[in-house]
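Here is a short briefing for a first look. It covers nonpolar cores and helix packing.

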Amino acid sequence: MAIETVGIVGAGQMGNGIAHVFALAGYNVLMNDIAQESLDKALAVIEKNMARQVSRGKISEADKTAAQARIKTTLTLTDLGQTDLVIEAATERESVKDTIFATLVPHLKPTTLLASNTSSISITRLASKTDRPEKFIGMHFMNPVPVMQLVELIRGIATDDETYQIMLDVIARIGKTSASAEDFPAFIVNRILVPMINEAVYTLYEGVGNVRSIDESMKLGANHPMGPLELADFIGLDTCLAIMHVLHDGLADTKYRPCPLLTKYVEAGWLGRKTGRGFYDYRGETPVPTR
């Protein structure tokens, strides 16, 4: 089966990044969101990011123009039903994803493949809520999508070989590198990365160091390009907390208990860069630690 048209559910930072790379690779993209404002913002972000690629010589102006022309938007989820592949990139809440698939599935072509960009939720469980678990797969992009090379590919228990091989080819066509992961909570990258972030929050919570000292220590002492608390703000503290809950619930190990301070920040609505405050306050000219 040839994949030529791709539907994307969600126009946030992951969804618009996925639309960006697929359009540049020659796919026709239909991007959906529940708000026109979100779709307009996504198109503006894509234009800005592609313009940056042109300025750096990564793509030509002609490439940019052609790719932007391949991206269409819709507020109607069921419009995605006639695409060859639908990638769900909505918020990291299983109930939201289940509702999306329940609404979408009756309108899909029999041959349409389904993928979720979930960073932690069971692919087997998501697939079981659809009429095509054998055509369902996890396709976890890293953020920011246009820059990061890796895509985790996760087979559910029912995912067939044909779907897996097709998606390997798709990932290669968009210029990314695939890593196959088993369907365990948080897969590979977040199974390692997010508990490290949670431990950094515990280090802050227990007063071992302040925000700046923790981030500087990991950047200068472990050669990380970004400190763990800065990275948490970039990912979104709500997403970090959701992944820790998946790990704690799915693996039943106390080492995955979310730090109470992480929970407190999320309850305050301080989710990181996207809300203007997290472990840093981004509302001024330069970020300022909040603890």
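Helices α7 and α9 are oblique to each other, because their angle is neither under 35 degrees (roughly parallel), nor over 145 (roughly antiparallel), nor 65 to 115 (roughly perpendicular). The model is predicted: local features need pLDDT of at least 70, side-chain atom pairs count only at pLDDT 80 or more, and totals for chains, interfaces and linings use all residues. Residues are numbered from 1 along each chain as its sequence is written, and side-chain values use heavy atoms, without hydrogens and water.

**Helix packing**
- Helix α7 (residues 189-205) packs on helix α9 (residues 228-235) at about 120°, with axes 9 Å apart. Axes are lines fitted to C-alpha atoms over the stretch in contact, and angles run from 0 to 180 degrees between N-to-C directions.
- Contact (heavy atoms within 4.5 Å) involves residues including Leu193 and Met196 of α7 and Pro228 and Leu229 of α9.
- This contact has 11 nonpolar, no polar and no charged residues.
- The axes of α9 and helix α10 (residues 237-251) come within 6 Å and cross at roughly 100°. That makes α9 roughly perpendicular to α10.
- Ala232, Asp233 and Ile235 of α9 meet Leu237, Thr239 and Cys240 of α10.

**Nonpolar cores**
- A nonpolar core is a set of buried Ala, Val, Leu, Ile, Met, Phe, Trp, Tyr and Cys residues joined through side-chain atoms within 4.5 Å; buried means under 20% relative accessible area (1.4 Å probe, protein chains only).
- The largest core has 37 residues; Phe22, Leu85, Met139, Phe141 and Met167 touch the most other members.
- Helix α1 (residues 13-24) gives this core its largest share, six residues.
- A second, separate core of 26 residues includes Ile197 and Tyr256.

Definitions and conventions:
Buried means under 20% relative accessible area, exposed over 50%, partly exposed in between (1.4 Å probe, protein chains only). Helices (H or I, at least four residues) and strands (E, at least two) are DSSP runs, numbered from the N terminus. Ala, Val, Leu, Ile, Met, Phe, Trp, Tyr, Cys and Pro count as nonpolar, Asp, Glu, Lys and Arg as charged, and the others, Gly among them, as polar.
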